Amino acid sequence: MKLIIAILGYLIGAIPNGVIIAKLKNVNLLTAGSGNAGATNVTRVLGKKYGAITFLLDFLKGYIPILLWKIFAGKYDNFYHSIAFVLSLSLIFGHVFSIFLKSISKSSPSHHTQCAASAGPSKRPQSFKYCAGVLPSLL
């Protein structure tokens, strides 16, 4: 079961929201601006509205799967925590090393904070204030 969860988490995390949004606007994001597929480059190339949408989608692709696991898992035992941990790591790994992009992301790890910062608060909502405080300092 852990392997299936890890694969699904990786595939969800690997969805390049910025590239998809840019393609809808007939822009190749990987050749425009800085060439990165993230929200900052979407903001540079397409504007604040599309950058905010990309940021939100990247945040939600880390938040929603963990939240759904929390809802459907039922009891909170060691199995629950181990699956949540595997899912969190696979979401982040998929976000950083997307199978849907031809090249490995050339941005620094600080550019992947929205997906990473969303996995913790979905498991423990009270930790959101810590992630929200750290996130701006990384950008």
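Colleague: Which residues make the nonpolar surface patch, and how is such a patch defined?

Modeller: Patches take residues with over 30% relative accessible area and no salt bridge; nonpolar side chains (Val, Leu, Ile, Met, Phe, Trp, Tyr) are joined within 5 Å, like charges within 9 Å. A salt bridge is a side-chain nitrogen of Lys or Arg within 4 Å of a carboxyl oxygen of Asp or Glu. Areas come from the Shrake-Rupley method with a 1.4 Å probe, and for residues only the protein chains shown count as cover. Here the patch covers about 1100 Å². Its residues are Leu3, Ile4, Ile7, Leu8, Leu11, Ile12, Ile15, Ile20, Leu24, Ile99 and Phe100.

Colleague: What kind of model is this, and how are residues numbered?

Modeller: It is a predicted model, with residues numbered from 1 along each chain as its sequence is written. Local features need pLDDT of at least 70 and side-chain atom pairs 80 or more, while totals for chains, interfaces and linings use all residues; side-chain values use heavy atoms, without hydrogens and water.

Colleague: Which helix gives the largest share of the nonpolar patch?

Modeller: Helices are DSSP runs (H or I, at least four residues), strands likewise (E, at least two), numbered from the N terminus. The largest share, 6 residues, comes from α1. Both α1 (2–13) and α2 (17–24) supply at least two residues each. The chain has 7 helices and 0 strands.

Colleague: Is Ile4 buried or exposed?

Modeller: Buried means under 20% relative accessible area, exposed over 50%, partly exposed in between (1.4 Å probe, protein chains only). Ile4 sits in α1. Ile4 counts as exposed because its relative accessibility is 56%. Across the chain, buried residues make up 40% of the 139 residues.

Colleague: How many residues has α4, and where is its kink centred?

Modeller: Expected span is 1.5 Å times one less than the number of residues. Helix α4 (residues 48–73) has 26 residues. From first C-alpha to last, α4 reaches 37 Å, close to the 38 Å expected. Bend is the angle between axes fitted to the seven residues ending at a position and the seven starting there. In α4 a kink of about 30° is centred on Leu60.

Colleague: What does the side chain of Asp58 contact?

Modeller: A polar contact is a pair of N or O atoms within 3.5 Å; within protein, one must be able to donate a hydrogen and the other to accept it, and residues adjacent in sequence count only if both atoms are side-chain atoms. The side chains of Asp58 and Lys61 form one at 3.5 Å. Asp58 lies in α4 and is buried, at 3% relative accessible area.
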